[in-house]
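Hi,

Here is the structure I promised to pass on to you. Have a look at it first, and then read my notes below.

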Amino acid sequence: MTVINMREITYRQALNEALAEELERDPNVFLMGEEVAEYNGAYKVSQGLLERFGAKRIIDTPISENGFAGMGVGAAMVGLRPVIEFMTFSFSLVAFDQVVNNAPNMLTMSGGQFNIPITFRGPNGPAHQLGATHSHATECLYANVPGLKICTPATPRDAKGLLKTAIRDNNPVLVLESELLYSSKGMIEPVETELLIPLGEAEVKREGSDVTIICYAQTVSIALAAAQQLEDEGISADVIDLRSIKPLDEQAIYNSVAKTHRVVIVEQDRPFCGVGAEICYRIQKNIFDELDAPVLRVAQEDVPMPYNERLEQAILPNAEKLIAAVHKVCYA
Amino acid sequence: MEPAEQRDEVDMLWLMLLIRRFEERASQQYQAQKIGGFCHLYIGQEAVVVGAIAATRDDDYLITAYRDHAHALARGTTADACMAELYGKTTGCSRGLGGSMHYFDKAKHMYGGHAIVGAHVPVATGMAFASKYRSEDRVTLCFFGDGAINQGAFHEALNLAALYKLPVIFICENNLFAMGTSVERSTSLKQIVDRAEGYDIPGVIADGMNFRDVRDKLTEVVNSIRQDPHPAFVEVRTYRYRGHSMSDPASYRTKEQLEQFRMDDPITRLRAQLTREEKLTNEKFDELDKRAKKTALESVKFAEESDEPPLEALYDYIYAQ
């Protein structure tokens, strides 16, 4: 990433650039969802796209997630490359049948005749005091489904590079963004540079030797903050940002664990059958001998999301909980 | 591409016969436990899909629900590929991975075979969206049963299709029963076609026991859509002679009702019309029927002699390259 002319943009701008570039590149790409056109996006990710690409390709829908997600599947069956925006992935639950049953099953069910090149994107995971219905971290629900791919960008650079890759992928890909990250800033290559980040490639955010911290999406900043504090105490953390949940970069995880022998997974979903549960299983199954301590997980508490701010903060993963878990695995 | 009105009626009668004889044979093989899973037969409803085929082009999109054998056969998928799919063989139209409810044939523009009631109605709407997006004059034929009209997906799709003026024909095959629940017990309207009015979509009723009525009503609808894209709704009144699936004795309806519809059989009717008009002889009909029976029987042989999909096929189609 030592490219000259790096510039700083927001996560929101990065997604907007990715959409604009892919719309420009391929006439089969279109964006459809609630408020994406005239309103410029509920979170302004699609700002300016209607003006630039017109109403044929930037399409406002009524509040009918099942309907327009299903339309995306149909359009993809006959060769278009839809980008379907869910105002939040909490609303994707209304379209669960299309995302889980139609999009990923079609290829197998048709004996290989119909692949579905579709991108479902939008914010995922808890934001701030939105209550139980609007705070779902859906990655663990969708990760259970063969045929789907899932990525969880944590930085503007990853947001742009992963979304562009998702749109070009010939399969259904879920790009799980984050409302809390939309205004965050980060360094990125100049506009002229084609930025594609492969699905299934984790990134080492910070090298360390004492403990591996596995994180993704909103928990990356928690992991980095915790790693900084741990360094002050003399504990050196290797921080791995998964970037994709499915496919999962297992090798990156094993490389780190072979070095540190201790692991804490910090995830934004709930603990029961959460993403960390699967990673934990794979680590103990594949490199059990490398472990010097049980793998620990920091996730949400297993409760519906409360509205009250103090209660909400209490159930979410944070640096303090993560540091406590690191202390445990390091017997510190 | 062949204009609709030139499709030969004797050819259409042949398709109806092929569908019927194929399904009678499938029913036997199911009872002999050669076929697994669910198996929903179309017998009695043949004039619906064949009437629609007669009104459209080969490159128009077609998508349907789980009672789908007839739709594939009518589109030209071979009886061999259809029977092999029921047997779960690799020569099946979905390579043995879809089964009775999930027939697909891309080359014939047959887009499934969808078994969650109502869930393919938005998918059909998206296919029509793609046609309009590319400024093609194709129509999408979306078949579903009377049970689908009470699903949310159906309502969302009709509103979207009307809003975006998409070239899709929603064809409700009203066979009076959603599994064992009659339309009167499931639907708050006297006439299903009135659903369309709620979305400002033009609605038409066709007699599903009469091939010519289905074809002519649909031809009018298709012509109108080709000139200016818009959705349409056609309620086709029909009847399935068999139960909902192979395990259903259909005790929720009367023998008299069944007999009444059988008296109005769509194959018998078209045969009589063609005979009266001297377009078909008894010899020709017998020959067609014999050929249909033979084709069905041969498809069983083909299916039985075909290979099972290899175990690796499990992983072949999860992700496309």
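This is a predicted model: local features need pLDDT of at least 70, side-chain atom pairs count only at pLDDT 80 or more; totals for chains, interfaces and linings use all residues.

Let me begin with chain A. It has 12 helices and 14 strands, and its C-alpha atoms fill a box of roughly 60 × 45 × 45 Å along the principal axes. A compact globule of 332 residues would have a radius of gyration near 20 Å, and the 20 Å of chain A agrees with that. Buried residues make up 56% of the chain. Of the contacts in chain A between residues at least 6 apart in sequence, 79% join residues at least 24 apart.

Next, the place where the two chains meet. Here 33 residues of chain A are in contact with 34 residues of chain B. On the chain A side, the elements giving two or more residues are α3 (65–77), α4 (96–102) and α5 (106–109). The largest share, 10 residues, comes from α3(A). By type, this side of chain A divides into 19 polar, 12 nonpolar and 2 charged residues.

Finally, have a look at helix α11 of chain B, residues 266–276. Its buried residues are B:P266, B:I267, B:L270 and B:R271. They cover an arc of only 130 degrees around the axis, so they sit on the same side of α11(B). They pack against α1 (9–31), α2 (46–54), α9 (211–227) and α12 (282–305) of chain B. On the other side of α11(B), B:T268, B:A272 and B:R276 are exposed. Just after this helix, B:E278 takes a positive phi of about 60 degrees.

Best wishes

How values were computed:
Residues are numbered from 1 along each chain as its sequence is written. Chains are lettered from A and ligands numbered from 1 in the order in which they are written. Two residues are in contact if their C-beta atoms, placed from the backbone, lie within 7 Å. Helices (H or I, at least four residues) and strands (E, at least two) are DSSP runs, numbered from the N terminus. Ala, Val, Leu, Ile, Met, Phe, Trp, Tyr, Cys and Pro count as nonpolar, Asp, Glu, Lys and Arg as charged, and the others, Gly among them, as polar. A residue is buried if 20 or more other C-beta atoms lie within 10 Å of its own, exposed if 12 or fewer, and partly exposed in between; C-beta atoms are placed from the backbone. The arc is that of the directions from the helix axis to the C-beta atoms. The radius of gyration is taken over C-alpha atoms; the globule rule is 2.2 Å times the number of residues to the power 0.38.
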